[in-house]
Amino acid sequence: GVECEDLIEELLCCLIQLIVEIPLLDITYSISLEAVTTLIVFLSCQLFHKEILRESIIHKYLMRGRCLPYTSRLVKTLLYNFIRQERSPPPGSRVFQQQTDGGGLLYGIASGVATGLWTVFTLGGVGSKAASQLEQCSPLANQSLLLLLVLANLTDAPDTPNPYRQAIMSFKNTQDSSAFPSSNPHAFQINFNSLYTALCEQQKSDQATLLLYMLLHQNSNVRTYVLARTDIENLVLPILEILYHVEERNSHHVYMALIILLILTEDDGFNRSIHEVMLKNITWYAERVLTEISLGSLLILVVIRTIQYNMTRTRDKYLHTNCLAALANMSAQFRSLHQYAAQRIISLFSLLSKKHNKVLEQATQSLRGSLSTNDSPLPDYAQDLNVIEEVIRMMLEIINSCLTNSLHHNPNLVYALLYKRDLFEQFRTHPSFQDIMQNIDLVISFFSSRLEQAGAELSVERVLEIIKQGAVALPKDRLR
């Protein structure tokens, strides 16, 4: 009855106090880990419900009453546990130590039990496969991150918004001296520099990527800070690596990585600065040796690769749209594209136009076939055609936006465009693409005629030189 419920509230309160009050030392590590894990267990009832659990008794106590005043301290402590990535202490530093003089039997047994439990916790059961990955990391940091994500995603109570989410949305940098809005009692400060470092280092796990997404999406202080970093490549590279290994990652991890890129590419400063950051020897990029490339060109390469992977295997429209949206966000600010990135943009277009022709052919054949036999239902080629034309249109818009805004910065793209100009022939007269083809057409004919005047058998270097001179000569107002 009532006493029982009071006891639950008392217990939850004690667990939270344990987490926020006890300093993290070797001898307290396991008790902090137990407290965090126990709270996760208390919150796990959602796992057994098909529909979203609006409220449980645990939910009720965490949202109001005696636990509420600890909200910001709990969120802050869990974040710091994640930041510190403290390893589990060596076995000798346990609370129950066996005394050398044979000591009390009880301590020996207790220590054995604790170590047994400990092995199960830290190593995922004795000798299991997961051991090797988990041994290197910090169980407390990982469990704290999981608890933080669970708390942040609890549904709002009928009368109050989720206080843990409010805390996550509003915390500020320790360097920030501006006043907190009085409307938010759960605001606090944390060291953004160490948070940024931890986020850069931990992106291999999808829970860390989820935290990064949540912070960029919901906390404008964090977003502003991240976008102002001069070492943004430390954050972007791990995200690109997730996308690069798309076949090994689960789809949630890939989506979150993509959405993080979408959030970042909404910022013009980001889109400009990524082309100024030069990277050397990207070892994980296996298709081609990249000795020196800008972060911007690498981002384009990885996103295009994701689109191509998706076209051949999963055919997920949502993934396509997000990839293309990120490229479209960036396209007006493309600068000094790497020749390989420029080639990939055009070869993706080539792949799309081949696919377009194939679907068109199938549609025509199936129409012919259906005229002779009435009984078979038509396959949905119209829909396929629709999707592919939408994607082609976005690609043309991306190329167009780059040509209109930064033609003279991108001789490699103009070169790739001229090299494959036949690809664009079929779209000039196509009613869906006529409007957007005007600029591309103009660029192709303007540069083609300059190349013809220069004579036959030109070297690559000479062609690029003519393109650079032509870019200066092309009147800006001719491009719409």
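The model is predicted. A search of the whole structure turns up zero disulfides. The largest nonpolar core holds 143 residues. Helix H15 gives eleven of them, the largest share.

**Cysteines**
- Cys14 is in no disulfide. Its nearest cysteine sulfur belongs to Cys13 and is 6.7 Å away.
- Cys14 is partly exposed, at 33% relative accessibility.
- Cys67 also has Cys13 as its closest cysteine sulfur, at 4.3 Å. A disulfide needs the two sulfur atoms within 2.5 Å, so 4.3 Å is too far for a bond.
- Cys67 is buried, at 1% relative accessibility.

**Nonpolar core**
- Leu211, Tyr285, Leu298 and Phe424 touch the most other members of the largest core.
- Helix H15, the source of the largest share, spans residues 295–312.
- Domain 1 (1–89 + 138–175 + 185–190) and domain 2 (343–367 + 380–478) both give residues to this core, so the core lies between them.
- Leaving aside neighbours within four places in sequence, Phe424 is in contact with Ile346, Phe349, Leu396, Ile399, Leu417, Met437, Ile440 and Ile444.
- In soluble globular proteins, nonpolar side chains tend to be buried together.

**Ile436**
- Ile436 sits in helix H21, which covers residues 434–453.
- Ile436 is buried, with a relative accessible area of 7%.
- Beyond four places in sequence, Ile436 touches Arg393, Leu396, Glu397 and Asn400.
- Arg393 is 43 residues from Ile436 in sequence, yet their C-alpha atoms are 8.1 Å apart.

Definitions and conventions: Residues numbered from 1 in each chain as written. Predicted model: local features only at pLDDT ≥ 70, side-chain atom pairs only at ≥ 80, totals over all residues. Heavy atoms only, no water. Buried < 20%, exposed > 50% of the residue type's maximum accessible area, 1.4 Å probe, protein only. Helix = DSSP H or I, 4+ residues; strand = E, 2+ residues; numbered from the N terminus. Contact = heavy atoms within 4.5 Å. Core = buried A, V, L, I, M, F, W, Y, C linked by side-chain atoms within 4.5 Å. Domains from an automatic or database assignment.
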